[in-house]
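Work through the exercises below with the structure open. Each task is followed by a solution in steps.

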Amino acid sequence: MNDGAIVDLIVETVEGYRVSTGGEGGPVARETALFGPSGALDSLGLVSVLVELEQKVADRLGRTVSLMDDRAMSQASSPFRTVGSLADYLGAQLSGGASGR
Amino acid sequence: MSTGARPVALVTGSRKGIGRHLARHLASTGYQVVGCSRGPAEWSMDGYEHVTADVTDEADVVRLLAVVRQRHGGLSVLVNNAGVASMNALLLTPGTTVDQIIRTNLIGTILIARESAKLMLKSRFGRIVNFTSVAVALALEGEAVYAASKGGVEAFTRVLARELGPSGITVNAVGPGPITTDLTRGVPAPKLEALARRLSTGRASSFEDVENVVDFLIAPESGAVTGQTIYLGGP
């Protein structure tokens, strides 16, 4: 799965969450902030999106990844800042071949 | 609720004892039940399927909940029942036994709850019932490690109730009194009877007592009941 496909997957998931919760917001793209004052998601929304991403990766790629693991939580700069940083983090897990668990 | 016609319930430790009773009860009252244990089940019934999984193995737990999601699309109820006991004075308890009790009763409960909550999150509905014991409330001598593991489950229940409350997921714990299962097989009958007498009701618990509380806690109408520990028979 290349970077563009990963970004598309994240955008689809964020937009799906917004629709399911009746939320509003502008278009979602690689540079969109995921959380924070101008973020697209609240804390519950971020967790929901990460969980759904894990499930989509399992369904579509047959791979098990863990986005909310110790590595993510211990990084000085959170991989969940933007769609792009999350795509980089997910892409690294997928290309690394690690199960994540 | 889950997407299927029948709401889906996961019962851990369903091969025997309380877990088996509750799995059969839920399957007979309209749930699609997925049960698990480290070995295959020696029983079956309509509405029940068994998955072999070890709750202390994180990869196994992830695989188990993936099976639930892929076969049924979601999860409404978790009966987090799997547990082990070893009743012995602490000074005679080997480290391997301590490790096994904490891993199964506390870490297993946590791992199963975490992965189950992920499935419940999307539907904004879920009922998690953890299992503790009156051994915590009564500070039973000879059960230091077992009670410590269950005390951990109670603290975990209260905190998780806060974390998941905004998502429509309730988290409670039920603590049976002495009840005749494989877990209490090694305890002499007079000791179990003496323990029962220390409870307010003065009697042992029954499977039906547990079933009654679980029915209450998992009911859709019990959405305001969360973070609670209910001891059967007292303490």
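**Exercise 1: the sheet**

Task: In this predicted model, give the strand order of the open sheet in chain B and the sense of its pairing.

Solution: Seven strands of chain B line up as E3-E2-E1-E4-E5-E6-E7, and they pair in parallel. Strand E3 (48–52) and strand E7 (229–231) of chain B are the edge strands, each pairing on one side only. From one strand to the next, the twist averages 20°.

Strand E6 (residues 169–175) of chain B pairs with E7(B) in the parallel sense, over three bridges. In E7(B), B:Thr229 is the residue opposite B:Ala173.

**Exercise 2: helices on the sheet**

**Exercise 3: a helix pair**

Task: Are H3(B) and H5(B) roughly parallel or roughly antiparallel?

Solution: Start with the geometry. Helix H3 (residues 95–123) and helix H5 (residues 144–164) of chain B pack at an angle of about 15°, with axes 9 Å apart. Angles under 35 degrees count as roughly parallel, so H3(B) and H5(B) are roughly parallel to each other. The crossing of H3(B) past H5(B) is right-handed.

Then list the contacts. Residues of H3(B) including B:Ile102, B:Leu106 and B:Ala113 meet residues of H5(B), among them B:Val153, B:Phe156 and B:Leu160. By class, this contact has 13 nonpolar, four polar and one charged residues.

Notes: Residues are numbered from 1 along each chain as its sequence is written. Chains are lettered from A and ligands numbered from 1 in the order in which they are written. This is a predicted model: local features need pLDDT of at least 70, side-chain atom pairs count only at pLDDT 80 or more; totals for chains, interfaces and linings use all residues. Side-chain values use heavy atoms; hydrogens and water are left out. Axes are lines fitted to C-alpha atoms, for helices over the stretch in contact, and angles run from 0 to 180 degrees between N-to-C directions. Helices (H or I, at least four residues) and strands (E, at least two) are DSSP runs, numbered from the N terminus. Angles under 35 degrees count as roughly parallel, over 145 as roughly antiparallel, 65 to 115 as roughly perpendicular and the rest as oblique. A crossing is left-handed if the near helix is turned anticlockwise from the far one by less than a right angle, and right-handed if clockwise. Contact means heavy atoms within 4.5 Å. Ala, Val, Leu, Ile, Met, Phe, Trp, Tyr, Cys and Pro count as nonpolar, Asp, Glu, Lys and Arg as charged, and the others, Gly among them, as polar. Two strands pair if DSSP finds at least two bridges between them.
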